[in-house]
Amino acid sequence: MTQGAVDRPHRKVGTSIWAAAGLTLARDLRLAFRKRGQLVQPLVFFAIVTTLFPLAISPELSRLRDVAPGVLWVAALLSSQLALEFLFRDDAQDGTLEQSALSGQSLSGLLFAKTGAHWLLTGLPLALMAPLAGLSLGVPVAAVPGIVASVAIGSVALSLIGSMGAAITLGVKRSGALLSLLTLPLAMPVLIFGARATELAVKGESYGAPLELLGALAVLGITLAPLATAAAVRVNLE
Amino acid sequence: MAWTWFHRLGSPPYIYSLAARLTPWFAWPAALLMLAGLIDGLVLSPPDYQQGDGFRMMYVHVPTAYMSIMIYTTMAISAAVGLIWRIKVAHAVAASCAPIGASITLCALVTGSLWGAPMWGTYWEWDPRLTSELILLFLYLGYMGLRSATEDVQRADRISAVLAVVGVVNVPIIHFSVVWWNSLHQAPSLMRLGKPTIAVSMLIPLLLMLLAFTLFFVAVLLVRLRAEILSRERSASWIREVVTP
Amino acid sequence: MKALSDFLDMGGYAGYLWPSYILTFVVVVLNVVWARRLLGRSREEARRRLATRAATEAGAAPTRAGEAT
């Protein structure tokens with residue numbers, strides 16, 4: 001009987017899904033901050049796109065103010081799309097995704113954490129940048145809270161919808177166009193309500209109703225999207 | 001007893017021969033009903049009190065719009081069945097539905113636009129029903145695009161099934177959009193609880209066309225399904241008897 | 001004749017109605033044609049696949065018979 005062969009008391013060793021999700025989130029954020037150049041790409045894209053519209057339409061602020069809500073939202077939608085293709089790609093290539101699927105933790109929970117990281121890195125900064133772009137398009141200062149709120153909430157839904165699309169197209173090389181084809185149709189309601197909320201904010205009217213609908217879409221996304229995303233990832237890992 | 005029947009439904013050779021036998025039973029009635037519906041709709045039925053003869057566009061727009069949703073639902077259900085129970089034939093059914101559904105949806109959008117132009121004064125409006133119907137077209141195209149972009153057939157089946165199921169949220173949106181929002185489009189007069197609010201002389205040709213389009217869809221589906229099964233069952237032995245004339 | 005021209009006129013809506021009906025007819029016919037063509041092509045392909053398989057099997061057999069002797 002060797003010295004080391006002592007029965008260790010059985011203890012449940014494991015990480016709760018919250019801890020695991022938190023670790024995933026922290027990891028993704030840390031990895032993203034290592035490539036700082038890539039971090040700002042969606043924001044730079046957003047700035048460029050919103051600059052193009054005054055050049056293309058008209059420099060008159062009164063005219064720009066009318067189209068500002070739509071411009072802001074289309075630009076935000078396209079910018080948040082940019083980072084989606086890479087949401088799962090790196091992890092899929094180095095096997096981390098497979099490990100996550102096999103880990104016994106809830107895959108949808110882990111993927112939700114990754115999507116959350118995407119939102120913190122794309123959606124939230126866009127929500128903070130959007131008022132600046134809006135002001136440059138002639139939007140009144142009073143509209144700023146409304147713009148921030150609608151883009152912040154709407155981008156949550158956009159990140160979740162986008163994560164489904166990214167998971168579904170994981171197996172497709174150069175999936176940019178297909179990803180857009182799949183994501184944009186489902187993102188249209190977000191665009192409609194978001195632009196509506198921003199428009200009301202710009203006009204100085206109460207924007208509570210579309211904002212609530214945006215919130216409902218975000219909640220719907222939070223509850224359903226991770227399940228679909230996990231299912232798609234599992235299919236692509238088979 | 002019922003279980004063996006269910007098992008046979010999953011067997012490609014059985015489905016193939018069943019599809020071959022059933023096709024004429026759907027194709028010919030579809031053609032006859034469509035002819036009858038056309039005659040009734042264009043000639044026999046009365047013009048509308050408000051829209052005059054323009055109302056007759058309903059007899060092509062409503063059936064195609066209805067079918068666009070029905071086909072997607074069929075596609076989503078068979079995709080889900082294939083995904084959950086891993087039945088290849090179900091995936092073949094879903095794949096066969098998509099091109100039919102896409103063309104019918106396009107037809108619904110254009111006929112709707114042509115009907116809307118004289119009645120509402122505009123060819124297009126971004127109102128909820130038209131927008132969600134357009135989304136439906138994109139979902140069909142996305143489904144077909146995803147399939148063709150995925151090389152492995154089994155993976156293509158399963159990943160497009162996930163997409164089809166996710167997209168099904170659009171179907172209730174299309175249907176209820178005219179109830180939930182003040183829309184340009186009229187409220188449901190047929191698919192609602194209670195009696196339809198449409199005159200009988202106009203209801204009959206509409207029902208004829210609806211039935212005709214349904215049978216037409218099944219007939220085309222059965223033909224496509226056979227093609228799909230053949231291309232999947234690469235060198236199975238049962239193909240020999242079926243294919244040699 | 002007037003009845004026919006009245007019919008074709010469709011109360012002034014002819015420009016909208018007839019394109020609708022024609023488009024629908026075209027979509028229906030195209031679906032039928034396309035499906036049948038697809039089936040024909042699948043059958044052709046299956047026939048060809050079986051033929052090449054039979055040919056390669058027949059080609060392989062004589063060699064074995066030759067080796068046996």
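Here is a friendly chat about a predicted model of chains A, B and C.

Colleague: What should I know about the numbering and the cut-offs in this model?
Modeller: Residues are numbered from 1 along each chain as its sequence is written, and chains are lettered from A, with ligands numbered from 1, in the order in which they are written. This is a predicted model, where local features need pLDDT of at least 70, side-chain atom pairs count only at pLDDT 80 or more, and totals for chains, interfaces and linings use all residues.

Colleague: What is the mean pLDDT of chain B?
Modeller: pLDDT is the predictor's confidence in each residue, from 0 to 100. In chain B, 90% of the residues reach 70 or more. The mean pLDDT of chain B is 87.

Colleague: Which element of chain A has the highest mean pLDDT?
Modeller: Chain A as a whole averages a pLDDT of 86, and 94% of its residues score at least 70. Among its elements, helix 4 (residues 89–94) has the lowest mean, 83. The highest mean, 93, belongs to helix 7 of chain A.

Colleague: How many helices are there in chain A?
Modeller: Helices (H or I, at least four residues) and strands (E, at least two) are DSSP runs, numbered from the N terminus. Chain A has zero strands, and from the N terminus on its elements run α-α-α-α-α-α-α-α-α. The number of helices in chain A is nine.

Colleague: Where is the kink in helix 2 of chain A centred?
Modeller: The bend at a residue is the angle between axes fitted to the seven residues ending there and the seven starting there. In helix 2 of chain A the kink is about 30°. It is centred on Pro42(A).

Colleague: Which residues of helix 2 of chain A are buried?
Modeller: A residue is buried if 20 or more other C-beta atoms lie within 10 Å of its own, exposed if 12 or fewer, and partly exposed in between, with C-beta atoms placed from the backbone. What covers the buried residues of this helix includes helix 3 (61–82) and helix 6 (107–136) of chain A. The buried residues are Pro42(A), Phe46(A) and Thr50(A).

Colleague: How many nonpolar residues are on the side of chain C that touches chain B?
Modeller: This contact takes 26 residues from chain C and 33 residues from chain B. Ala, Val, Leu, Ile, Met, Phe, Trp, Tyr, Cys and Pro count as nonpolar, Asp, Glu, Lys and Arg as charged, and the others, Gly among them, as polar. On the chain C side, five residues are polar and five charged, while the nonpolar ones number 16.

Colleague: Which helices of chain A each supply at least two residues of the side that touches chain B?
Modeller: Here 15 residues of chain A are in contact with 16 residues of chain B. The helices are helix 7 (144–168), helix 8 (176–203) and helix 9 (208–237) of chain A.

Terms used
Two residues are in contact if their C-beta atoms, placed from the backbone, lie within 7 Å.
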